[in-house]
Protein chains: 2
Amino acid sequence: MTAKIERYLAENQVETPCLVVDLDVIAENYRTMNRLLPLARIFYAVKANPEPAVVAMLNGLGSSFDTASRGEIDLVLGQGASPDRVSFGNTIKKQRDIAYAYEKGVRLFAFDSEAELEKLAESAPGAKVFCRILMECGGAEWPLSRKFGCAPEMATDLLVRARDLGLEPYGISFHVGSQQTDIGQWDVAIGRAAAMFSAIAKANIDLKMVNIGGGFPAKYRANIRPVEAYCDGVMSAMQKHFGNAIPEIIIEPGRSMVGDAGVIQTEVVLISKKDYEEDKRWVYLDIGKFGGLAETMDEAIKYDIATDRDGGETAPVILAGPTCDSADILYEKTEYRLPVELKVGDKVKILATGAYTTSYSAVNFNGFAPLKAVCI
Amino acid sequence: MTAKIERYLAENQVETPCLVVDLDVIAENYRTMNRLLPLARIFYAVKANPEPAVVAMLNGLGSSFDTASRGEIDLVLGQGASPDRVSFGNTIKKQRDIAYAYEKGVRLFAFDSEAELEKLAESAPGAKVFCRILMECGGAEWPLSRKFGCAPEMATDLLVRARDLGLEPYGISFHVGSQQTDIGQWDVAIGRAAAMFSAIAKANIDLKMVNIGGGFPAKYRANIRPVEAYCDGVMSAMQKHFGNAIPEIIIEPGRSMVGDAGVIQTEVVLISKKDYEEDKRWVYLDIGKFGGLAETMDEAIKYDIATDRDGGETAPVILAGPTCDSADILYEKTEYRLPVELKVGDKVKILATGAYTTSYSAVNFNGFAPLKAVCI
């Protein structure tokens, strides 16, 4: 937690639950990545935290933006981003949303299927398109699936078809999985991309760009290697697989850009036991799985937790949210310990919650208002 | 799907995704349950569908309301419910929300722990309180947990303590799990409640009420027995365990009251394959796990799906939502088949989605607007 957030929470009685975002941390993360990857263009993955103040600040620093929907395109353009700094990175787009983006000046689009290519040819003629290839990498803490991407052979055919349809076959993208701690996965993926550059060159297509997606981890409970290690890994892999002909690089950080910039202030609503023999306390907070902590699904993301009583004796707890939903449990299998002295009404801070929290929050589940955010 | 919804969707170009709720179905469900359980008071579980029009209509029919939060209390009072028809049924309440409810006239509260009882004694003096006991029943399709309730021995002690604190120890509640298809589970639970009545009578406390919670199933893909069977099962169990001294009965239907009253109209955004060998198509809809279909978590609730091309040849599909989140898949392990002729842009109806959809919807995930609802 930053001194700025600590001071803010000390000086302001925020109504809980509330996410406090330190914009300085994001700015520093942006500058660090820019310095470590001078050859890459940074497209901030807006979905990680779409607070207008975050977008405006990154826009001021020169960031580009990876957007998932018409709503996100409106957001970034509204905060001053020029359309040449916007990528419509979702491979699943309505035809009318492609047309809308194109009309607004967006010229860079992702795809991974023939049907999407046909929509793009019709509604975004001449646009630069990149094909996402399928990755099945281990090591990511947020579940991977086959939802995005296609097999390299299909991608090759589709990029040829893109040219035939009057689009500009621009590059290859992949994603090694969110909260990916295994640096080696980028090497595998970049190697696959390089092989595709060669395969496609045989069809006289000169691809220009590799989009290495997101996936760099944020620091939760477990230690991670510093961002330098991931950036080094990426650049080494680029040199290894592309030699002196390194193409344009796009990176789409989300979690690693904003995750550690936020702290959720929450309150203990209840502490109880279920029977006299039970050894664990149940601690119920005023935020849960449906109020912004959706990434605790299957206990995937394990947030660090701080209380004002830290330092004394601790005991194991089960952590749960405030709704009447029996699935609204944060951590039951994962061991969490909290101070024995913890009391109902105490404030609890959930750390590194700047990414994938507010926008995941349910609109009104159980009558609870969605998670608020303050950017400082 | 009702004729009224069918007509509405035929006559109106609704912007998808959209939930259409047929209020007549809910009214009919209410009247049926009222007729089948004349001894029970129906407290509609507002969290299942908090649309003001639903609450207003049920209020007009004389329903009472089970509420989970201050927000839901404001909602039902705002729609005209008198406070004597409101139960604050969440066992996890902030002290100030208890005080708020009490000030508004609410006098019936749930609890399952000593800490909660102390809050109630302080902020809701003299109120009727009921203790939720722990149930570990099988057969529910939505995951059960130990989040709510306490062991019967603890419940007995707590009800005695409630009296000592100046509260009115009023009854016992339980919940056998949502979408519970096993009628026998109510027999087990009611038997446990009856045993507690006897145990507590020894402390000269005359409990007056059994709250049998919710859990009656809605009809999704699998067939279920009619509501008559569940009501019969409940009343038989009451007679078996309480004989001629049947106490007040409260029932808190949510899913079984509104589930079959709603249809989500959605649109096919993309149909694709991942590689040439794949035998299943991926069908991407404009609604997913974060846009209102949260109950597809772990493929728990299996909705019925209808298209305008039903009747012809079908083939297996994987169904997914429109966001960039790899976890946003509706059904991958569960076999779903859709028409071979299905096309991008086609409308798809997700049936029996009147419960636990709109209010679960994420506020703005990936820049997509939350699920809208129309009550007709």
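## How the two copies meet

In this predicted model, 100% of the interface residues of chain A are also interface residues in chain B, so the copies meet through the same surface. In terms of contact (heavy atoms within 4.5 Å), 72 residues of chain A touch 72 residues of chain B.

Two copies of a chain are related by a rotation about an axis and a shift along it.

## Basis of the values

This is a predicted model in which local features need pLDDT of at least 70 and side-chain atom pairs count only at pLDDT 80 or more, while totals for chains, interfaces and linings use all residues. Residues are numbered from 1 along each chain as its sequence is written, chains are lettered from A and ligands numbered from 1 in the order in which they are written, and side-chain values use heavy atoms, with hydrogens and water left out.

## Area and polar links at the interface

About 5800 Å² is buried between chain A and chain B, and carbon and sulfur atoms give 59% of this area. Buried area is the accessible area (1.4 Å probe) that two parts lose on being put together, summed over both. Lys147(A), Lys274(A) and Cys324(A) supply 12% of the area that chain A buries against chain B, more than any other three residues.

Twelve salt bridges are counted between chain A and chain B; the term stands for a side-chain nitrogen of Lys or Arg within 4 Å of a carboxyl oxygen of Asp or Glu. The side chains of Asp275(A) and Arg146(B) form a salt bridge at 3.5 Å, N to O.

## Elements on the chain A side

Helices (H or I, at least four residues) and strands (E, at least two) are DSSP runs, numbered from the N terminus. On the side of chain A that touches chain B, at least two residues each come from helix H4 (70–78), helix H6 (114–123), helix H7 (152–164), strand E10 (262–272) and strand E11 (281–285) of chain A. E10(A) gives the largest share of that side, five residues.

## An aromatic pair within chain A

Over all chains, the structure holds 24 aromatic pairs. Rings of Phe, Tyr and Trp (its six-membered ring) pair if their centres lie within 6.5 Å; planes under 30 degrees apart count as stacked, over 60 as edge-to-face and the rest as tilted. Phe197(A) and Phe242(A) are an edge-to-face pair, 5.0 Å centre to centre with 80° between the planes. Phe197(A) lies in helix H8 (residues 184–201) of chain A and Phe242(A) in helix H9 (residues 227–242) of chain A, so the pair ties together parts that are 45 residues apart in sequence.

## Backbone and loop details

Thr16(A) and Pro17(A) are joined by a cis peptide bond, with omega about -5°. Pro17(A) sits in the loop between helix H1 (3–11) and strand E1 (18–21) of chain A. In chain B, a cis peptide bond with omega about -5° joins Thr16(B) and Pro17(B). Tyr356(A), although not a glycine, has a positive phi of about 55°; its place is the loop between strand E15 (347–351) and strand E16 (372–375) of chain A.

His175(A) belongs to the loop between strand E7 (168–173) and H8 of chain A. A polar atom of the His175(A) side chain lies 3.0 Å from the backbone nitrogen of Gly177(A).

Notes
Polar contact = N/O pair within 3.5 Å; in protein donor to acceptor, adjacent residues only side chain to side chain.
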